[in-house]
Amino acid sequence: RHGRGDPRTLPNGWISSLVASEHGIWIGTDGGGVVFRNAVTGNLEAPAPLHDASDLKRVRALTRDRLGRIWIGSRDAGVAIFDARAGELRRIRHSSTEANSLSDNSVFSIAHLRNGDTLVGTARGLDRLSAATTDASRIPFPPELAAPGQALRVRALTETPDGMVWVGTDAGLGRYDPRDNRWRVYRAASNGSAGTLPDNRVQALLIDSQGRLWVGLLHGLAWLDPASETFSSYFREEAQSRSLPDGYVISLFEDRGGS
């Protein structure tokens with residue numbers, strides 16, 4: 001827990017993201033930045049480049065790339081890439097004068113693709129960062145999700161084993177093929193039809209060990225049957241003790257240890 005005035009405790013109690021490594025776990029907080037919990041000592045450590053970065057305190061997303069670097073998505077400072085071995089911190093930000101910069105400095109999600117590129121979901125859309133240069137290019141949305149030029153938050157991203165990318169937004173769910181820029185969009189039906197996405201405000205995504213897509217929503221949880229392309233849903237029901245304890249789903253994790 002966070003203990004006021006005690007530097008040995010969590011820097012903030014609002015945990016936004018967790019990323020495991022070989023030697024411990026990286027912890028992102030919304031208000032206290034990023035710290036590392038050493039698996040051997042159990043102590044919390046804040047590397048100097050991160051501790052001294054006053055604009056990286058409000059963290060929304062953490063990921064770890066194939067080189068072991070930690071990518072940090074912040075509420076208002078873009079993306080930072082921390083190389084723990086070299087002790088180096090690199091920044092990627094939005095600039096109104098640079099065409100290849102991020103679409104916005106408010107970052108919600110990050111996903112590393114199998115080809116080495118990285119997708120970044122921001123408050124204004126979806127960017128693709130080149131593996132070679134980290135230059136950003138905008139990925140246009142289909143009109144079913146957003147009109148041309150309209151800002152749309154991308155809150156969740158996950159890649160499937162066959163290279164497709166699921167994109168969770170405030171206006172629905174999209175399946176994006178990075179190879180040909182094709183989209184398939186899923187949205188809640190206005191009449192609440194069975195088998196459709198129950199809510200358009202997507203907050204979390206997970207591909208489970210059976211290849212099913214799970215979708216965490218502002219109001220409930222759903223999973224997609226790939227054969228029929230229909231959704232099964234779970235909600236909070238006061239009278240049902242075995243329903244969701246709360247309908248506000250912000251993270252998903254599958255225990256693959258056999259328990």
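Colleague: Which strands each supply at least two residues of the lining of the largest pocket?

Modeller: Those are strand S1 (15-21), S5, strand S9 (107-112), strand S13 (154-159) and strand S17 (202-207). Keep in mind that this is a predicted model.

Colleague: How much space lies in the largest pocket, and which residues are the closest to its centre?

Modeller: About 1,700 Å³ of space lies in there. The lining has 38 residues, and Ser16, Ser17, Leu62, Ile250 and Ser251 are the closest to the centre.

Colleague: What classes of residue does the lining of the largest pocket have?

Modeller: There are 21 nonpolar, eight polar and nine charged residues in the lining.

Colleague: Let's turn to the sheets. What makes S5 and S6 count as a pair of strands?

Modeller: Two strands pair if there are at least two bridges between them. S5 and strand S6 (residues 70-74) are joined by five bridges, so they pass, and they run antiparallel. One place to look is Leu62, whose bridge partner in S6 is Ile72. Leu62 is also one of the residues closest to the centre of the largest pocket.

Colleague: Which sheet do S5 and S6 belong to, and in what order do its strands come?

Modeller: An open sheet of four strands, in the order S5-S6-S7-S8, with antiparallel pairing. Strand S5 (59-64) and strand S8 (88-92) are the edge strands, since each pairs on one side only. On average, neighbouring strands here are turned by 20° against each other, direction ignored.

Colleague: How do you know that S7 and S8 pair?

Modeller: The same cut-off of at least two bridges applies. Strand S7 (residues 79-83) and S8 have five bridges, in the antiparallel sense, so they count as paired. Phe82, for instance, has Leu89 as its bridge partner in S8. S7 and S8 form a hairpin with four residues between them, and Gly87 in the turn has a positive phi of about 70°.

Colleague: Why are S13 and S16 called edges in the other sheet?

Modeller: That open sheet has four strands too, in the order S13-S14-S15-S16, and the pairing is antiparallel. S13 and S16 have a single partner strand each, so one side of each is left without a neighbour in the sheet. Neighbouring strands in this sheet are turned by 20° against each other on average, direction ignored. S13 is joined to strand S14 (residues 165-169) by five bridges, and the partner of Ala156 in S14 is Gly168.

Colleague: Now the rings. How many aromatic pairs does a search of the whole structure find?

Modeller: Eight. Take Phe141 and Trp183: they are 5.8 Å centre to centre, with 55° between the planes.

Colleague: Why is the pair of Phe141 and Trp183 called tilted?

Modeller: Under 30 degrees would be stacked and over 60 would be edge-to-face, with the rest counted as tilted. At 55°, the pair of Phe141 and Trp183 falls in the rest, so it is tilted. Phe141 is in the loop between strand S12 (136-139) and S13, whereas Trp183 is in strand S16 (residues 182-186), 42 residues apart. Both residues are buried.

Colleague: What makes Trp214 and Tyr234 a stacked pair?

Modeller: First, the centres must lie within 6.5 Å, and theirs are 6.2 Å apart. Then the planes are 20° apart, which is under 30 degrees, so the pair is stacked. Trp214 is in strand S18 (residues 213-217) and Tyr234 in strand S20 (residues 230-234), 20 residues apart.

Colleague: What about Thr134: why is it called buried?

Modeller: Its relative accessible area is 14%, so Thr134 falls under the 20% cut-off. Thr134 lies in the loop between strand S11 (125-129) and S12. Its phi is near 60°, a positive value in a residue other than glycine.

Note on methods:
Residues numbered from 1 in each chain as written. Predicted model: local features only at pLDDT ≥ 70, side-chain atom pairs only at ≥ 80, totals over all residues. Heavy atoms only, no water. Axes fitted to C-alpha atoms, helices over the stretch in contact; angles between N-to-C directions. 1 Å grid on protein atoms, 1.4 Å probe; cavity = no way out; pocket = protein on both sides within 12 Å on 5 of 7 lines; lining within 4 Å. Points joined across faces, edges and corners; volume = space filled by probe spheres on them. Nonpolar A, V, L, I, M, F, W, Y, C, P; charged D, E, K, R; others polar. Phe/Tyr/Trp six-rings, centres within 6.5 Å; stacked < 30°, edge-to-face > 60°. Buried < 20%, exposed > 50% of the residue type's maximum accessible area, 1.4 Å probe, protein only.
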